[in-house]
Amino acid sequence: EDEVWVVVRRTIGGVQKRFIERFRPDQFRAQTDSNLSDLFFVDSGRKIMGVELTEMTGLDHLEGMTVQVVADGAVFPPRVVTGGKITLNNELDPESASIIVAGLGYESQLEPMAMEVGLQNGTSVGRKKRIHEVYLVLLQSSGGRYGPRTTGEQWDPITTAEDLEQPVPLFSGGKNLSLEHRSDYDASFVISQTAPLPMTILAVVPKFNIYGDDD
């Protein structure tokens with residue numbers, strides 16, 4: 001398989017450092033096979049395997065940083081790397097795990113361009129629109145959230161990846177997302193993924209109303 005290697009400049013502990021990192025080439029296969037234990041959706045991370053693991057070492061390069069943690073396919077609360085390691089000792093953590101993935105989290109965002117549709121008396125450009133629902137087609141995905149473009153805290157979950165105690169099966173299919181949105185000339189919405197889980201979007205179909213020039 002092809003491999004992508006990059007040089008990344010990161011600020012760790014207030015100091016700028018450069019890392020040579022490789023994008024894992026096997027993620028599409030793991031996602032297709034719904035193999036939760038092989039998923040690796042963190043930056044500058046590590047993966048360890050063993051029997052009844054209670055901690056993860058080898059994270060000296062991320063000392064003092066807050067990392068995302070996935071244990072046996074389940075997402076657990078982030079924690080800070082101390083002494084080059086993290087431990088499974090939070091309230092929601094399992095007593096032990098056989099596979100642990102930890103690394104820097106990141107956010108992926110999708111925001112469609114302004115919509116334009118033809119009308120009998122022109123186009124929708126320059127007219128107010130209100131998006132009230134979005135139909136999303138997903139492939140082997142988990143987690144995710146959505147909200148208006150102007151969102152600050154108005155996020156709603158797409159799937160149930162917030163149930164942290166157990167692994168959440170990957171979902172393929174369609175979902176209807178209700179959207180509270182005021183009318184706007186450039187009505188849009190944002191789909192975001194902050195969890196260390198896959199999010200593959202095959203189609204986005206907004207349902208909206210168009211109002212007259214004077215509305």
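What volume does the largest pocket have? I looked this up first, in what is a predicted model: local features need pLDDT of at least 70 and side-chain atom pairs count only at pLDDT 80 or more, while totals for chains, interfaces and linings use all residues. Residues are numbered from 1 along each chain as its sequence is written, and side-chain values use heavy atoms, with hydrogens and water left out.

**Entry: largest pocket**

I found a volume of about 410 Å³ for the largest pocket. I noted that 18 residues line this pocket, and that Arg 22, Phe 23, Arg 24, Phe 40 and Val 42 are the closest to its centre. Strands β1, β2 (15-23) and β3 (43-53) each give two or more residues to the lining. (A pocket is an open set of points on a 1 Å grid over the protein atoms alone, where a 1.4 Å probe fits, with protein on both sides within 12 Å along at least five of seven lines; lining residues have an atom within 4 Å of a point. The volume is the space filled by probe spheres set on the points. Strands are DSSP runs of E, at least two residues, numbered from the N terminus.) By class, I read 8 nonpolar, 4 polar and 6 charged residues in this lining. (Asp, Glu, Lys and Arg count as charged, and Gly is among the polar ones.)

**Entry: second largest pocket**

I read a volume of about 180 Å³ for the second largest pocket. Its lining has 15 residues, with Ser 108, Gln 193, Leu 197, Pro 198 and Met 199 nearest the centre. The elements giving two or more residues here are β9 (108-110), β16 (189-193) and β17 (200-210). I found 9 nonpolar and 6 polar residues in this lining, and no charged ones.

**Entry: Arg 10**

I located Arg 10 in strand β1 (residues 4-12). Arg 10 is buried, with a relative accessible area of 15% (buried means under 20%, with a 1.4 Å probe and protein chains only). Its side chain makes a polar contact with the side chain of Glu 21 at 2.9 Å (a pair of N or O atoms within 3.5 Å, one able to donate a hydrogen and the other to accept it). Leaving out residues up to four places away in sequence, I also listed what Arg 10 touches, including Val 15, Phe 19, Asp 43 and Leu 104 (contact means heavy atoms within 4.5 Å).

**Entry: nonpolar cores**

I looked up the largest nonpolar core, which has 19 residues; Met 56, Val 67, Ile 86, Ile 100 and Ala 102 touch the most other members. (Such a core is a set of buried Ala, Val, Leu, Ile, Met, Phe, Trp, Tyr and Cys residues joined through side-chain atoms within 4.5 Å.) The largest share, 4 residues, comes from β8.

Terms used:
Buried means under 20% relative accessible area, exposed over 50%, partly exposed in between (1.4 Å probe, protein chains only).
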